[in-house]
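Keep the sequence and the 3D view open while reading.

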Amino acid sequence: MLHVGINGFGTIGKRVADAVRAQPDMTVAGVAKRSPNFEATIAHDRGYNLYAADGQAPFDGAGLTTAGTVHDMVEASDVVVDTTPGGVGATNASLYEEHDTPAIFQGGEDPDVADVSFNARANYDAAVGADTARVVSCNTTGLSRLLAPLRENYGVEKARVTLVRRGGDPGQTSRGPINDTLPDPVEIPSHHGPDVQTVFPDLDIDTMGMKVPTTQMHTHSVNVTLDSEPSADEVLDLLSRETRLFLVPETLGIDGAGKIKEYTRDAGRPRGDVWENCIWAESVTVEGRDLYLFQAIHQEADVVPENIDAVRALSERTASAEQSIERTNDALGVGRGLVEHEGEIRRADSIADD
Ligand code: NAD
């Protein structure tokens, strides 16, 4: 069993901890937190060893027993997943080095925090044998999963993506906007394109970002100029074989992120999490070599299975990308509870043509 410590128990950290616990080959060594807030009580209720990142006194004061300091947790871990806020992870890098413990950072850190920027579908092997990896951001994860099979099968001349981003997560009461539509960042390209290039260094990609008043999901408007001219049905067939892409059938009547979240809550997903990219099948359109589609990305959830694969890549060094992805998916339930879609998704107009 791999003992995995999680430093930072917020939006991503609590999900990664639960995902580690679900794996047959991993166990939670502990979780480190700074403050004894509601998430600390959840960690305690879940039975995770709680370590103090910033002194044990506040936890003692709140009646929460700690197992030691964050140093003790790192020492007890085979791998640490750092899920502290963006920029804080880099300040923890020396802690992991000091204990010679492999570490995984998140997309809020600069790429140079780690040996490799990681996406399991795109470049798992690059992280095998590395001491550190950075699981790329939710948006970059969503784009990497989509672009990897397109590049392998058709070649990509250029990708252009407009990312309509959620203003904040449900728990982020200070984020916004609450009544506006912001070009964000206003500079073009947005930072997302260069981030995707940390996974695919030779990819030509331009991105534009916006922020809107929702906490549900990000939505991407995607245009990819391919090197060849597949039909829309061929693209749908290709994407339907990807385990972390969900092609939303028109028959479900899902018109936005709210209904996707409602669907996954109804399906019994923990926290209503959507680990897969949700691509509206009806939107998949090919004109010449230009592919167009819309996809929604659940920012709180899509990086979670990627963190699990990153743990295996850094530590186990024997599982292949396919084996790790399959093991993670099985244990977590990725793809489960959503309609069987493989081979069934066709565009309505092409069905009418048959
Ligand atoms: P968060 O604020 O929800 O959680 C961070 C947690 O770390 C909080 O509990 C905070 O109290 C704790 N913390 C702060 N400083 C700490 C320290 N020094 N030691 C230990 N714990 C500390 O943040 P998040 O949304 O989970 O983001 C974590 C990372 O994941 C960031 O790099 C972020 O960019 C990335 N990420 C976030 C999302 C998202 O949508 N939330 C998606 C993908 C990637």
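Pro 189 sits in the loop between β10 and α8, and the peptide bond from Ile 188 to Pro 189 is cis, with omega near 0°. Helices (H or I, at least four residues) and strands (E, at least two) are DSSP runs, numbered from the N terminus. The model is predicted: local features need pLDDT of at least 70, side-chain atom pairs count only at pLDDT 80 or more, and totals for chains, interfaces and linings use all residues. Residues are numbered from 1 along each chain as its sequence is written, and side-chain values use heavy atoms, with hydrogens and water left out.

**Backbone exceptions**

- Most residues other than glycine have a negative phi, and most peptide bonds are trans.
- Pro 185 is also found in the loop between β10 (182-183) and α8 (192-197).
- A cis peptide bond links Asp 184 to Pro 185, with omega about -5°.
- Asp 100 has a phi near 55°, a positive value in a residue other than glycine.
- The loop between α5 (88-98) and β6 (103-105) holds Asp 100.
- Asp 100 is exposed, with a relative accessible area of 70%. Buried means under 20% relative accessible area, exposed over 50%, and partly exposed in between (1.4 Å probe, protein chains only).
- Arg 271 is not a glycine, yet its phi is positive, at about 60°.
- Arg 271 lies in the loop between α10 (257-266) and β14 (277-280), and counts as partly exposed at 32% relative accessibility.

**Around the ligand**

- The ligand has 20 residues around it, and Thr 11, Ile 12, Arg 166, Asp 169 and Gln 299 come nearest. A residue is near a molecule if one of its heavy atoms lies within 4 Å of it.
- The shell divides into six nonpolar, 10 polar and four charged residues. Here Ala, Val, Leu, Ile, Met, Phe, Trp, Tyr, Cys and Pro count as nonpolar, Asp, Glu, Lys and Arg as charged, and the others, Gly among them, as polar.
- Asp 169 has a side-chain N or O atom 2.6 Å from a nitrogen atom of the ligand.
- Arg 166 places a polar side-chain atom 2.9 Å from an oxygen atom of the ligand.
- Gln 299 uses its backbone: an N or O atom there lies 3.5 Å from an oxygen atom of the ligand.
- On its own, the ligand has 820 Å² of accessible area, and the protein covers 82% of that. Accessible areas come from the Shrake-Rupley method with a 1.4 Å probe; for residues, only the protein chains shown count as cover.

**Helix α1**

- Helix α1 covers residues 11-22; at 1.5 Å a residue, its 12 residues should span 16 Å, and its end C-alpha atoms are 18 Å apart, which agrees. The expected span is 1.5 Å times one less than the number of residues.
- Nine of the 12 residues of α1 are buried, among them Ile 12, Lys 14, Arg 15 and Asp 18.
- The cover over these buried residues includes β1 (2-7), β2 (26-33), α2 (38-46), β5 (79-82), α11 (303-315) and α12 (321-332).

- Glu 306 lies in helix α11 and is buried, with a relative accessible area of 1%.
- The side chains of Glu 306 and Arg 145 form a polar contact of 2.8 Å. Such a contact is a pair of N or O atoms within 3.5 Å; within protein, one must be able to donate a hydrogen and the other to accept it, and residues adjacent in sequence count only if both atoms are side-chain atoms.
- Beyond its neighbours within four places in sequence, Glu 306 is in contact with residues including Phe 118, Ala 120, Arg 145 and Arg 244. Contact means heavy atoms within 4.5 Å.
- Val 311 is in helix α11 as well, and is buried with a relative accessible area of 1%.
- Val 311 and Ile 104 are 207 residues apart in sequence, but 7.4 Å apart in space, C-alpha to C-alpha.

**Ser 77**

- Ser 77 occupies the loop between α4 (70-75) and β5, and counts as buried at 8% relative accessibility.
- The Ser 77 side chain reaches the backbone oxygen of Met 73 at 2.6 Å.
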